[in-house]
Amino acid sequence: MASIIKLINSALLGLNPRQKEVITARFGLDGQQDGETLAAIGERLNVTRERVRQIENGAIILVKANITKNPEAGIILDKVKKYIVSRGGVAKKSDVVKFASSLASGIRENHLDFLAEASGVFNLYREDDAFDPFYYVTEKDLKTARTFVDGWVNFLKSRKEK
């Protein structure tokens with residue numbers, strides 16, 4: 001079984017110290033906290049939120065290249081994607097994390113969020129007023145799921161009195 005720490009460390013290879021600090025802080029990869037906001041990181045580094053976003057975006061490009069070169073990461077991401085596809089292209093975040101934990105020891109939500117963001121193999125839908133967090137593969141899958149849920153909600157509302 002792969003170690004998530006080894007995968008993350010290989011993904012971060014070649015980043016300069018500031019890029020590594022931003023990515024680690026944004027995704028909570030140091031194991032000590034949840035991800036930080038751009039503002040919080042900017043305040044600590046004495047730069048603007050926009051500059052932190054720029055540093056993050058540049059780092060993500062390098063991380064994506066590292067992930068692409070890592071066959072072990074590719075296998076894990078492919079299996080996670082297939083798992084999501086097998087559930088109609090959309091899957092509850094906690095279910096995907098549970099599945100991924102069978103593929104890489106020590107994996108947590110923030111690790112999977114990082115791998116999704118960096119690789120682009122699948123996407124994260126963050127929690128909002130209407131939905132719990134989930135992963136999806138394509139925009140079409142997201143649209144189909146939202147249309148289904150909206151239709152189901154409207155159906156239930158029309159039968160509310162029954």
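Glutamate 36 is buried, with a relative accessible area of 16%; buried means under 20% relative accessible area, exposed over 50%, and partly exposed in between, with a 1.4 Å probe and protein chains only. Glutamate 36 lies in the loop between helix 2 and helix 3 (38-45). Neighbours within four places in sequence left aside, glutamate 36 is in contact with Ala25, Arg26, Ile41 and Arg44, where contact means heavy atoms within 4.5 Å.

This is a predicted model, in which local features need pLDDT of at least 70 and side-chain atom pairs count only at pLDDT 80 or more, while totals for chains, interfaces and linings use all residues. Residues are numbered from 1 along each chain as its sequence is written, and side-chain values use heavy atoms, with hydrogens and water left out.

The secondary structure of the chain comes to eight helices and five strands. Helices (H or I, at least four residues) and strands (E, at least two) are DSSP runs, numbered from the N terminus. Along the sequence, the pattern is β-α-α-α-α-α-β-α-β-α-β-β-α.

| Helix pair | Axes come within | Crossing angle |
|---|---|---|
| Helix 2 (residues 17-27) and helix 4 (residues 49-69) | 9 Å | roughly 95° |
| Helix 1 (residues 4-11) and helix 7 (residues 109-119) | 12 Å | roughly 35° |

Axes are lines fitted to C-alpha atoms, for helices over the stretch in contact, and angles run from 0 to 180 degrees between N-to-C directions.

Helix 2 and helix 4 are therefore roughly perpendicular to each other; angles of 65 to 115 degrees count as roughly perpendicular, under 35 as roughly parallel, over 145 as roughly antiparallel and the rest as oblique. From helix 2, Arg18, Gln19, Val22, Ile23, Arg26 and Phe27 meet Val52, Ile55, Glu56, Gly58, Ala59, Ile60 and Leu62 of helix 4. The residues of this contact divide into eight nonpolar, two polar and three charged. Here Ala, Val, Leu, Ile, Met, Phe, Trp, Tyr, Cys and Pro count as nonpolar, Asp, Glu, Lys and Arg as charged, and the others, Gly among them, as polar.

For helix 1 and helix 7, Ile4, Ile8 and Ala11 of helix 1 make the contact with His111, Phe114 and Leu115 of helix 7. These residues divide into five nonpolar, one polar and no charged.

As for the whole chain, its C-alpha atoms fill a box of roughly 60 × 40 × 25 Å, taken along the principal axes. Of the 162 residues in the chain, 39% are buried. Among contacts between residues at least 6 apart in sequence, 56% join residues at least 24 apart.
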